[in-house]
Amino acid sequence: MPNNPIRTNFLVIGSGIAGLNFALNAAEKGKVTIVTKKKSIDSGTNFAQGGIATVISKTDNFKKHITDTLTAGGGKNNKKAVEFMVKKAPEAIKRLAEKGVRFANKSGKLLLTREGGHSEKRIVYVGDYTGKEIEKVLSEKVKTHPNIEIMEDTFALDLIISKKSCYGCLSIYKNKTVPILADQTILTSGGSGQIYKCTTNPKIATGDGVAMAIRAGAKIKDMEFIQFHPTAFARKLSPMFLISETVRGEGGKLVNKKGINFLKNDLASRDIVAKGIYLEMKKGPVFLDISHKKTSYLKKRFPKIFETLKKYGYDMAKDKIPVTPAAHYQCGGIETDIKGQTNIKNLFAFGEVACTGVHGANRLASNSLLEALVFSDQIVKNLKKISEKEFKKVKFQKIKIVDKNSNKTKESKKTKKEIQEIMWEYAGIARNCNKIKKTALPKMEEINQKLKKIKSINPEIAESQNMALTSLQILKAARKRKKPLGCHFAN
Ligand SMILES: Cc1cc2nc3c(=O)[nH]c(=O)nc-3n(C[C@H](O)[C@H](O)[C@H](O)COP(=O)(O)OP(=O)(O)OC[C@H]3O[C@@H](n4cnc5c(N)ncnc54)[C@H](O)[C@@H]3O)c2cc1C
């Protein structure tokens, strides 16, 4: 039997920028409980390097940022959501700075850099570790807030749903199932990059949010649009080490083995640059070259990238750095309106797990931290409480938890690898709809069916189930879209 339920007003699943930021806003209206499956800093946010897009330069305006976002997104974006995000950006960044995020500045004036697809310099940043700084500042605020409880090492297993309403989630904590009942449940569980063999995403990005939402009957949208970052460091690392687009923004060039700068525009949007690199790599390796800059500048501007590459024997001031595309960002997700509301009552989603329609078929660089921030920044106007009588009617599943050293757990680790291979091979940067239909989908269906039968579980097994279900969703969406669009490079 499950443990006694925990009761809260707002249950937030995930402790990245979207979850932490939402929690700080919601705590003014009621009790917030954040569950996060590892330590609170284990998030995609903590890995973000480049920065956040916002219109603050005198030569820039909202119209340009909106146009750049729509162009990168192949026009598939929800224009209303894009306008909402772009116009709210400067205020949201100001609030983040007031909370303590120390964006690079000169005498108080924010410095701006450039990324692919942006017609202006409009990225605010903290060195090459913007996300780490944001995660640290927000985590500290959350941990000292009297109205917020953060439960680390707590795995959200499934949403508690009755009659198309959400009542919280069933979680695993210390090998026991713990129901958490809430008036409002907010999914901020990030992306799904780990379903691919080569990804820049941390281990937590296993698509749990999308999978839970599918099982709950929530609408999912645009999952075929998986963004591949053009410049991961070409070393077999897990996750792969990202070399931020801001390196190109500061003058780095992409060259082939002959040293030729083979692209028309190194700072085109990511779908175009990733495709260009992918095609060039059929002829030979591709490199990022910023060796015309001095060591002192590179060490100061890109401290983390400089040190990491040095560890692997590369000096940015002298060497060309081998790069390759890797799975990076889930543009689609759980369909929400502008307020984060899903089609299920009392269930909301923000950040990478959500699909507000902002990104369309391809996300514009540095718009993801922004989307997570702006949408989760909305003040919760009224806390609509669910009556205790209604909660009493809710039934919980009985689930047996198995040991993390069990054979089933070892098997699920192998299955994860199998999923990663299939997705990289068939739903990677270039896809063939026919091969997806004939080979990848039947294989994934089989894996999914096999995993669904496992009834005694633990977080490792649940992750493999979530990876299979999310992969299936991507494959189904990719099979249907026969023509290429944005990051869906299909034939
Ligand atoms: C290497 C890298 C560099 C990037 N650089 C940039 C950049 O410069 N600019 C930009 O705009 N974007 C960047 N991005 C993308 C951006 O970082 C993410 O899209 C964003 O941080 C997502 O925030 P989030 O709050 O939605 O999710 P995350 O920050 O990923 O947080 C998700 C949280 O949910 C938790 N969780 C997941 N599943 C469960 C579960 N079942 N139970 C409990 N908890 C769970 C996780 O542990 C985590 O705490 C980058 C991403 C990567 C990987």
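The dialogue below goes through the chain, its domains, its ligand shell, its strands and some backbone details.

Me: What kind of model is this, and how are residues numbered?

Reply: This is a predicted model, in which local features need pLDDT of at least 70, side-chain atom pairs count only at pLDDT 80 or more, and totals for chains, interfaces and linings use all residues. Residues are numbered from 1 along each chain as its sequence is written.

Me: How many helices and strands are in the protein chain?

Reply: Helices (H or I, at least four residues) and strands (E, at least two) are DSSP runs, numbered from the N terminus. The protein chain has 14 helices and 22 strands.

Me: What does the radius of gyration of the protein chain agree with?

Reply: The radius is taken over C-alpha atoms, and the globule rule is 2.2 Å times the number of residues to the power 0.38. For 491 residues a compact globule would have a radius of gyration near 23 Å, and the 22 Å of the protein chain agrees with this. The C-alpha trace spans about 70 × 55 × 40 Å along its principal axes.

Me: Which domains does the assignment give?

Reply: Domain bounds come from an automatic or database domain assignment. Here it gives domain 1 (6–225 + 331–392), domain 2 (231–327) and domain 3 (400–490). The centres of domain 1 and domain 3, taken over C-alpha atoms, are 24 Å apart. Their contact takes 30 residues from domain 1 and 25 residues from domain 3; two residues are in contact if their C-beta atoms, placed from the backbone, lie within 7 Å. On the side of domain 1 that touches domain 3, strand S8 (154–162), strand S10 (176–187) and helix H5 (208–216) are the elements that give two or more residues. H5 gives the most to that side, with four residues.

Me: Which residues are closest to the ligand?

Reply: A residue is near a molecule if its C-beta atom, placed from the backbone, lies within 6 Å of it. The ligand is surrounded by 42 residues, and the closest are Gly14, Gly16, Gly44, Gly190 and Gly351. Helix H1 (17–26), helix H4 (130–143), S8 and helix H10 (368–376) each supply at least two residues of this shell. The largest share, four residues, comes from H10.

Me: In which sense do S1 and S2 run, parallel or antiparallel?

Reply: Strands of a sheet pair through backbone hydrogen bonds, either parallel or antiparallel. Two strands pair if DSSP finds at least two bridges between them. Strand S1 (residues 6–13) and S2 run parallel and are joined by four bridges. Val12 stands opposite Ile34 in S2. Both faces of strand S2 (residues 32–35) are covered, with Val32 and Ile34 buried on one side and Thr33 and Val35 buried on the other.

Me: Is Ser107 buried or exposed, and which is Ser366?

Reply: A residue is buried if 20 or more other C-beta atoms lie within 10 Å of its own, exposed if 12 or fewer, and partly exposed in between, with C-beta atoms placed from the backbone. Ser107 counts as exposed because it has 4 C-beta neighbours inside 10 Å. Ser366 is buried, with 29 other C-beta atoms within 10 Å. Ser107 is not a glycine, yet has a positive phi of about 50°; Ser366, also not a glycine, has a positive phi of about 65°. Ser107 lies in the loop between strand S4 (105–106) and strand S5 (109–110).

Me: Where is the cis peptide bond?

Reply: The bond from Ser238 to Pro239 is cis, with omega near -5°. Pro239 is in the loop between strand S12 (226–233) and helix H6 (246–249).
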